[in-house]
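Here's a quick briefing to read alongside the protein on your screen. Take a look at the picture first, then work through the points by topic.

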Amino acid sequence: MATSVNASRINVNVADLQIDKILNSNYCFEQRMIYAVSEGTGVVVEGKDRLELYKDCVLKIEAMERLSPHLQDVCRKLASELKHPGPVTCHLFISPEGSKSFGLHKDPDDVFLYMVKGHKGVHYR
């Protein structure tokens with residue numbers, strides 16, 4: 001079931017994500033938080049020196065709320081607004097133009113999508 005959220009209450013921009021800082025730090029790689037996704041399959045990116053191998057893939061960075069107090073606050077606000085009883089986590093997807101993340105699938109959790117930059121076609125039922 002789709003639920004409406006007041007998107008004006010969610011204030012996230014590209015600078016908030018600190019992507020360069022994350023991709024240049026060893027922490028996320030050591031914690032196995034970064035995946036390359038191609039044709040619906042994700043593989044752990046083993047280190048920042050391996051990123052070049054996945055330049056045409058979608059990158060997924062899990063648990064962004066652990067890396068940013070701002071995103072942690074956004075997750076708390078979403079949980080409150082949606083009256084969600086469990087934890088709200090934030091996963092970042094960086095998609096090269098024309099790339100596909102996942103084909104048709106079912107997520108085991110409730111999902112809220114928020115596009116920071118660009119556009120992407122998303123179909124849901």
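Let's start with who touches whom: among contacts in the protein between residues at least 6 apart in sequence, 62% join residues at least 24 apart. Keep in mind that this is a predicted model, with an average pLDDT of 84.

**Layout**
- You'll find 4 helices and 4 strands in the protein.
- Starting from the N terminus, the elements go α-α-α-β-β-β-α-β.

**Size and surface**
- Along the principal axes, the C-alpha atoms fill a box of roughly 40 × 30 × 25 Å.
- The radius of gyration is 15 Å, which agrees with the value near 14 Å that a compact globule of 125 residues would have.
- Of the 125 residues, 28% are buried.

**Charges**
- The protein carries 16 positive and 16 negative side chains.
- The centres of those two sets lie 3 Å apart.

- A pLDDT of at least 70 is reached by 92% of the residues.
- Helix α3 (residues 27–30) has the highest confidence, at a mean of 94, while helix α1 (residues 14–17) has the lowest, at 83.

- Val 45 sits in the loop between β2 (41–44) and β3 (58–61).
- Is Val 45 buried or exposed? Its relative accessibility is 0%, so Val 45 counts as buried, given that the cut-off for buried is under 20%.
- Skip the neighbours within four places in sequence, and Val 45 is in contact with Phe 29, Ile 34, Tyr 35, Ala 36, Arg 50, Leu 51, Tyr 54 and Leu 59.
- Val 45 and Cys 28 are 17 residues apart along the chain, and their C-alpha atoms are separated by 9.6 Å.

- Where is Lys 77 found? Look in helix α4, which covers residues 69–82.
- From Lys 77 to Val 88 you move 11 residues in sequence, and the two are 9.5 Å apart in space, C-alpha to C-alpha.

Conventions
Residues are numbered from 1 along each chain as its sequence is written. This is a predicted model: local features need pLDDT of at least 70, side-chain atom pairs count only at pLDDT 80 or more; totals for chains, interfaces and linings use all residues. Side-chain values use heavy atoms; hydrogens and water are left out. Helices (H or I, at least four residues) and strands (E, at least two) are DSSP runs, numbered from the N terminus. The radius of gyration is taken over C-alpha atoms; the globule rule is 2.2 Å times the number of residues to the power 0.38. Buried means under 20% relative accessible area, exposed over 50%, partly exposed in between (1.4 Å probe, protein chains only). Contact means heavy atoms within 4.5 Å. Lys and Arg count as positive and Asp and Glu as negative; His and the chain ends are not counted. The place of a charge is taken as NZ of Lys, CZ of Arg, CG of Asp or CD of Glu. pLDDT is the predictor's confidence in each residue, from 0 to 100.
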